[in-house]
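Here is a friendly walk through one protein model, written for someone who likes cut-offs spelled out.

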Amino acid sequence: MAPFFHNHTNPQDVWYVLMEIPGLEGLHTWISIPFSFVYTVAVAGNILLIFLIMTEHSLHEPMYLFLSMLASADFLLSTTAAPKMLAILWFHSTDISFGSSVSQMFFIHFIFVAESAILLAMAFDLHVAICYPLRYTTILTSSTIRKIGIATVVRSFFICCPFIFLVYRLTYCGRNIIPHSYCEHMGIARLAYGSINVNIIYGLTVALLSTGLDIVLIIISYVMILYAVFQIPSWAARFKALSTCGSHICVTLMFYAPAFFSFLAHRFGGKTIPHHIHILVASLYVLVPPMLNPIIYGVKTKQLKDRVILLFSPISVCCENLKVCFREWK
């Protein structure tokens with residue numbers, strides 16, 4: 001266990017305690033089973049998705065390249081938070097140093113902002129495909145996609161980098177409990193001694209002007225997409241377009257809904273929302289969307305589904321041959 005510090009300390013000397021799920025301590029082993037399963041499926045599914053898109057030339061299209069970016073972000077998001085969460089559930093390993101907490105905080109916020117931009121890019125891709133199909137290949141060229149990818153990373157870095165300086169400038173008073181199973185900006189800042197108004201203002205500004213703006217643009221894109229879809233005379237083509245839109249909207253809602261619940265609960269619902277509900281929802285936010293995204297796109301996208309079947313068909317044939325050999329041997 002880390003030592004306690006009672007006086008104002010250098011941030012590098014501070015150790016924090018990440019909170020376990022209050023009231024459910026006796027169920028931690030059982031809770032860890034679905035958490036482990038979800039994390040394993042998320043990692044395997046996103047790695048498989050990236051592998052298929054990168055190795056199959058026919059999938060080197062804008063939609064799939066954006067999907068590979070989303071899978072990369074999902075893999076990184078779950079891997080940044082889940083191992084420590086599982087260590088808390090398995091071994092009650094709640095201690096985390098200030099440096100480690102700031103690193104986790106930065107990467108969680110960085111990936112969140114990046115994934116928000118990727119979802120906006122995917123909405124733009126769908127908007128161009130449905131509203132301007134004849135200009136699709138000229139608008140979304142390889143160069144444009146590369147620039148969007150670079151801009152996503154650069155924007156996320158410059159938005160999230162100030163979080164590091166904002167928490168380092170604060171004065172801390174020893175070991176404290178972070179009311180979360182992973183570290184985020186306000187969770188750390190609220191444990192400081194003194195005013196954190198700058199942290200609050202910057203956090204809200206980032207939420208409104210980056211993620212909030214992304215959401216507004218995504219909504220505008222889907223309104224225009226749905227308007228264009230209902231102008232299509234063919235029912236079959238309309239149904240196909242709506243099916244594609246449904247997948248994107250489902251993924252977008254799964255990403256933003258729990259994230260904003262956690263964001264608002266942490267700032268305004270501390271006394272009204274039970275701690276165990278807040279912690280469970282926040283934990284599921286970094287696990288469930290990364291697990292479901294590859295499944296949703298794998299099931300709804302014929303090209304991906306065909307590639308998965310083709311990839312695993314030799315394994316199934318080999319298993320069938322082994323069964324036949326075993327029957328003959330018996």
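Two strands pair if DSSP finds at least two bridges between them. Helices (H or I, at least four residues) and strands (E, at least two) are DSSP runs, numbered from the N terminus. This is a predicted model, where local features need pLDDT of at least 70 and side-chain atom pairs count only at pLDDT 80 or more, while totals for chains, interfaces and linings use all residues. Residues are numbered from 1 along each chain as its sequence is written, and side-chain values use heavy atoms, with hydrogens and water left out.

## The sheet

Let us start with the strands. An open sheet is formed by three strands in the order β2-β1-β4, with mixed pairing. Because β2 and β4 stand at the edges, each with a single partner strand, one side of each has no neighbour in the sheet. From one strand to the next, the twist averages 40 degrees (axes are lines fitted to C-alpha atoms, for helices over the stretch in contact, and angles run from 0 to 180 degrees between N-to-C directions).

Strand β1 (residues 15-18) runs antiparallel to strand β2 (residues 95-97), and three bridges join them. On that side, Tyr16 has Ile96 in β2 as its bridge partner. With strand β4 (residues 176-178), β1 pairs in the parallel sense, over three bridges. Here Leu18 is bridged to Ile178 in β4, and Tyr16 stands opposite Asn176 in β4.

## Cavities and pockets

Next comes the empty space. Rolling a probe the size of a water molecule over the atoms shows where empty space is left. On a 1 Å grid over the protein atoms alone, a cavity is a set of points where a 1.4 Å probe fits but cannot get out, whereas a pocket is an open set with protein on both sides within 12 Å along at least five of seven lines; lining residues have an atom within 4 Å of a point. Grid points are joined across faces, edges and corners, and a volume is the space filled by probe spheres set on the points.

How many cavities of 30 Å³ or more does a search of the whole structure find? The search finds two.

| Space | Volume |
|---|---|
| Largest cavity | about 380 Å³ |
| Second largest cavity | about 50 Å³ |
| Largest pocket | about 640 Å³ |
| Second largest pocket | about 220 Å³ |

For the classes of lining residues, Ala, Val, Leu, Ile, Met, Phe, Trp, Tyr, Cys and Pro count as nonpolar, Asp, Glu, Lys and Arg as charged, and the others, Gly among them, as polar.

The largest cavity has 21 lining residues, and His109, Phe112, Glu184, Ala259 and Phe263 lie nearest its centre. Two or more lining residues come from each of α3 (98-131), α7 (197-229) and α8 (235-268), with α8 giving the largest share, six residues. By class, this lining has 11 nonpolar, eight polar and two charged residues.

Around the second largest cavity, the lining includes Met19, Glu20, Phe35, Met85 and Ser283. The elements giving two or more residues to it are α2 (62-91) and α9 (275-285), and the largest share, three residues, comes from α2. Seven nonpolar, two polar and one charged residues make up this lining.

Turning to the largest pocket, 22 residues line it, with Met63, Leu126, Lys240, Thr244 and Gln303 closest to its centre. At least two lining residues each come from α2, α3, α8, α10 (288-300) and α11 (302-329), and α8 supplies the largest share, eight residues. The classes here are 11 nonpolar, six polar and five charged.

The second largest pocket is lined by 13 residues, and those nearest its centre are Met69, Ala73, Ala114, Ile118 and Val153. α2, α3 and α5 (142-168) each supply at least two of its lining residues. This lining has nine nonpolar, four polar and no charged residues.

## Cysteines

A disulfide is counted as a pair of cysteine sulfur atoms within 2.5 Å, and the count comes to zero. Cys245 is in no disulfide either, as the nearest cysteine sulfur, in Cys131, is 9.0 Å away.

Buried means under 20% relative accessible area, exposed over 50%, and partly exposed in between (1.4 Å probe, protein chains only). Cys161 is buried at 18%, and Cys245 is buried at 1%.
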